[in-house]
Amino acid sequence: MKAIRIGLLGCGTVGGGVVQLLHANASEIAARVGAPLEIAMVAVRDVAKTRATALDRARVVTDPWLLMNDDAKIDVIVETMGGLDPTAALLERALERGPVVTANKMLLATHGAKLLERAKASGHELAFEGAVGGGIPIIRVLREALVGDTVESLRGIVNGTCNFILTKMSAGGGASFDAVLAEAQALGYAEAEPSLDIDGHDAAQKLAILALLAFGAHVDASKIPTEGIRNVAPIDHQFAARFGFAIKHLAVGRNRGSEVELRVHPSLVHRDATLANVNGVLNAIAIEGRALGPCLLSGRGAGANPTAVSVLGDIVDVARSLVQLPKGTAPRALRWKDTPIAKVDASDSRYYLRFQVFDRPGVLAKITGALGDARVSIEQMVQQGGGDASGAPVQVVLMTHAAKESAIERALASIASADFVAQPTRVIRVEEA
Ligand code: NAP
Ligand code: HSE
């Protein structure tokens with residue numbers, strides 16, 4: 001039986017996990033595919049690097065273009081290299097030759113439509129289960145299982161690093177943001193450039209991919225209103241808990257017909273809601289289908305093993321088609337159109353506002369007055385600190401009734417430069433689950 005030859009671009013956290021899992025389950029996989037899978041060639045940057053997974057040095061190269069040569073006789077290209085350059089050009093070329101499996105959300109969010117067009121034109125599959133939700137089979141669900149329904153909305157915890165950090169910080173114990181981020185990096189959760197995670201861009205890229213599959217909406221991921229978790233302080237977790245909420249970093253999408261509402265930001269989620277209890281590196285995506293109703297998928301969203309499971313599932317899928325279909329793989333039909341992103345005011349929300357102010361007579365009246373002038377109504381309020389001679393700022397925390405973001409911004413702008421404001425106000429949306 002002729003082996004299916006795999007060309008692996010990159011062998012770091014994810015690629016190494018794929019090689020390991022492929023070796024561990026080789027005979028079962030060969031039986032499922034109808035042929036053994038062989039890692040024929042691997043491209044890395046540094047051949048001498050010590051790796052968790054031993055590689056046959058004779059098959060390791062530093063020039064990824066060698067895998068595209070006809071004499072390499074590669075059947076399936078698996079890309080776990082990351083980034084846009086030279087990856088985009090490599091995968092365009094690879095799709096002319098055969099099926100491609102990738103876990104690269106940045107690439108898909110930026111060039112996904114072009115690559116899918118290329119796959120359609122050449123008749124080869126582009127599979128990308130590992131790109132969103134790590135080990136959660138969300139891509140297959142949206143691409144295949146739910147094609148008979150209309151997805152109306154989705155809400156997801158889609159960045160494992162952010163969820164890991166927020167969970168550790170909410171548990172108290174005083175671990176610093178930097179220490180928890182270093183732990184996430186050591187565990188292989190974080191991107192090579194961790195600001196992609198903590199500033200929300202990784203989640204925005206994943207949301208752009210989900211929007212394409214769920215709503216048929218092609219958007220520019222860099223235009224999605226995006227906020228990361230750098231400004232969420234331990235005290236915000238304490239106040240949120242006091243009001244009955246957990247703080248989660250959410251990617252939210254809603255189909256609005258001619259436009260699509262997309263946003264990524266920290267959110268207060270009621271402690272009884274399922275998403276509030278998705279902790280650590282776990283991801284979860286809650287889908288609302290018109291016919292299906294609610295559906296929740298949850299699992300480990302980052303790291304070598306969970307992501308390798310998704311990548312290997314794709315490899316087996318395309319390899320099986322190569323063995324069993326007369327013409328090899330055929331790309332699954334997807335339809336999309338360029339879709340504008342709705343303005344942030346598209347939906348009202350309750351808000352958590354934490355003011356850091358000097359404790360002087362009349363300050364509360366000025367804050368509530370500014371909110372009242374902007375027609376923002378207050379639901380609850382607490383003040384913490386003050387009453388001593390230190391003159392240190394106090395925390396005034398308000399929960400508002402549902403309001404437009406523009407109204408909140410108007411109110412905050414009118415007091416931002418007041419002499420009683422010690423630090424910028426912290427604003428977090430409440431996500432009603
Ligand atoms: P990584 O550990 O940094 O691995 C990247 C690999 O690519 C390394 O083996 C590196 O070689 C190789 N490489 C990079 N640029 C190259 C070039 N120009 N030529 C040849 N080889 C090159 O990254 P990772 O965490 O595995 O992530 C890989 C991809 O999977 C990214 O797109 C990421 O977004 C995605 N992803 C990651 C996770 C996760 O949990 N880590 C989960 C889902 C998706 P050296 O080893 O020699 O440096
Ligand atoms: N850095 C990403 C995360 C990897 O933390 O979720 C999984 O896509």
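**Exercise 1. Sort the residues of the shell around ligand 2 into nonpolar, polar and charged.**

Step 1. Start with the shell: 13 residues surround ligand 2, and Lys105, Gly160, Thr161, Tyr189 and Lys206 are the closest. A residue belongs to it if one of its heavy atoms lies within 4 Å of the ligand.

Step 2. Apply the classes: Ala, Val, Leu, Ile, Met, Phe, Trp, Tyr, Cys and Pro are nonpolar, Asp, Glu, Lys and Arg are charged, and the others, Gly among them, are polar.

Step 3. The shell around ligand 2 then holds four nonpolar, four polar and five charged residues.

A word on the model: it is predicted, so local features need pLDDT of at least 70 and side-chain atom pairs pLDDT 80 or more, while totals for chains, interfaces and linings use all residues. Residues are numbered from 1 along each chain as its sequence is written, chains are lettered from A and ligands numbered from 1 in the order in which they are written, and side-chain values use heavy atoms, without hydrogens and water.

**Exercise 2. Find polar contacts of ligand 2 and say how much of its area the protein covers.**

Step 1. Look for pairs of N or O atoms within 3.5 Å. (Within protein, one atom must be able to donate a hydrogen and the other to accept it, and residues adjacent in sequence count only if both atoms are side-chain atoms.)

Step 2. A polar backbone atom of Gly160 is 2.7 Å from an oxygen atom of ligand 2. A nitrogen atom of the ligand lies 2.8 Å from a polar side-chain atom of Glu191. In the side chain of Lys206, an N or O atom is 2.7 Å from an oxygen atom of ligand 2.

Step 3. On its own, ligand 2 has 250 Å² of accessible area, and the protein covers 94% of that. Such areas come from the Shrake-Rupley method with a 1.4 Å probe; for residues, only the protein chains shown count as cover.

**Exercise 3. Now describe the surroundings of ligand 1.**

Step 1. Its shell has 24 residues, with Asp46, Lys49, Arg51, Glu191 and Gly303 the closest. They divide into eight nonpolar, ten polar and six charged.

Step 2. Oxygen atoms of ligand 1 lie 2.7 Å from a backbone N or O atom of Asp46 and 2.8 Å from an N or O atom in the side chain of Lys49. A polar backbone atom of Gly303 is 2.7 Å from an oxygen atom of the ligand.

Step 3. Ligand 1 alone exposes 900 Å², of which the protein buries 87%.

**Exercise 4. How many aromatic pairs does a search of the whole structure find?**

Step 1. Rings of Phe, Tyr and Trp (its six-membered ring) pair if their centres lie within 6.5 Å; planes under 30 degrees apart are stacked, over 60 edge-to-face, the rest tilted.

Step 2. The search finds one pair. The ring centres of Phe164 and Tyr189 are 5.5 Å apart and the planes stand at 70°, so the pair is edge-to-face.

Step 3. Phe164 sits in helix H6 and Tyr189 in the loop between helix H7 (177-186) and helix H8 (195-198), 25 residues apart. Helices (H or I, at least four residues) and strands (E, at least two) are DSSP runs, numbered from the N terminus.

**Exercise 5. Is Phe164 buried or exposed?**

Step 1. Buried means under 20% relative accessible area, exposed over 50%, and partly exposed in between (1.4 Å probe, protein chains only).

Step 2. Phe164 has 9%, so this residue is buried. Tyr189, at 15%, is buried too.
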